[in-house]
Amino acid sequence: MTILENAALVLRCFGNNCTDLTVSEVSERLGLPKASASRLLKSMRETGMLEEIGGSRRHRPGRMMLNLSAAFRYSSGVIGRARAAVHELSQAFGHTGYVSIRDGRQVLAIADFEGTNALRVGASVGNKLAAERCATGRSLLARLAPAEVALLYPDGPVAERLASQLERIRRTGYSFSSQETTPGVDGLAVAVGDPVTSEAVSLCLVYPHNLVSEAERNTMIDAMLDSAGGIAEAVGDPLFRAAERRVPA
């Protein structure tokens, strides 16, 4: 692999479950000799991709990566609109909100807004989840054609179950998750995309399972579909649908 490819693999290691790395850990994860891993991290430090934490020999993303992250968020029209919409939804209902993107079979939050209710779900940017196991992931997968989903999920039982779930999401316009990734936590998600840039994002609200009635959930679904619909109209998203509401998806 090239140095650039290896550097990208190192950066992909970082997330909520991995905030820093040593030479030995990079060597093990990438299957590189320690000397090669050491040279790689040295080059990444010199270019600002990584920085050393004090004298600990542990490395974390450098400030250049923070600047790139900010540039990514604010250069995307659909991401900026989604951030504003989720912030408004979070304030209106008091629940934690996320804006997420998909990367293959995983999704990660790129923005979060902590809820204001006394009992609320904590926010967590950067945490990667299996796309098929959460509301945000399924809302984004539903934007793909069935043939594209089949290529991502060739294994039988998972693919069959997912196909049924995604068809319902395409029909209703939203995705629902009940205590799948976190016990006691439900989630609602609606995806929207920009056909010009091919970017797609998921707007999500998460809330305590026992504290939200069906009527309250329906109100949130309507508000989320209205917000996403406004974004879809602004960017010309041909895939957005909000036809049949209040059917758990």
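This is a predicted model: local features need pLDDT of at least 70, side-chain atom pairs count only at pLDDT 80 or more; totals for chains, interfaces and linings use all residues.
Sorted by class, the contact of α1 with α2 has five nonpolar residues, one polar residue and one charged residue.

How are these two helices placed against each other? Two packed helices are described by the angle between their axes and the distance between the axes. Helix α1 covers residues 3-13 and helix α2 covers residues 23-30; they pack at an angle of about 110°, and their axes are 11 Å apart. Angles of 65 to 115 degrees count as roughly perpendicular, so α1 is roughly perpendicular to α2.

The next part to look at is the sheet. Six strands form an open sheet in the order β5-β4-β3-β8-β7-β6, and the pairing is antiparallel. Which strands stand at the edges? They are β5 (128-130) and β6 (175-178); each has a single partner strand, so one side of each is left without a neighbour in the sheet. On average, neighbouring strands of this sheet are turned by 30° against each other, direction ignored.

Within the sheet, strand β3 (residues 96-103) pairs with strand β8 (residues 199-208) in the antiparallel sense, over five bridges. Val99 stands opposite Leu203 in β8.

The last topic is the aromatic rings. How many aromatic pairs does the structure hold? The number is zero. The ring of Phe176 does have a charged residue over its face: Arg217 lies there, at 4.6 Å from the ring centre.

Key
Residues are numbered from 1 along each chain as its sequence is written. Side-chain values use heavy atoms; hydrogens and water are left out. Axes are lines fitted to C-alpha atoms, for helices over the stretch in contact, and angles run from 0 to 180 degrees between N-to-C directions. Helices (H or I, at least four residues) and strands (E, at least two) are DSSP runs, numbered from the N terminus. Angles under 35 degrees count as roughly parallel, over 145 as roughly antiparallel, 65 to 115 as roughly perpendicular and the rest as oblique. Ala, Val, Leu, Ile, Met, Phe, Trp, Tyr, Cys and Pro count as nonpolar, Asp, Glu, Lys and Arg as charged, and the others, Gly among them, as polar. Two strands pair if DSSP finds at least two bridges between them. Rings of Phe, Tyr and Trp (its six-membered ring) pair if their centres lie within 6.5 Å; planes under 30 degrees apart count as stacked, over 60 as edge-to-face and the rest as tilted. A charge sits over a ring if NZ of Lys or CZ of Arg is within 6 Å of the ring centre and within 35 degrees of the ring normal.
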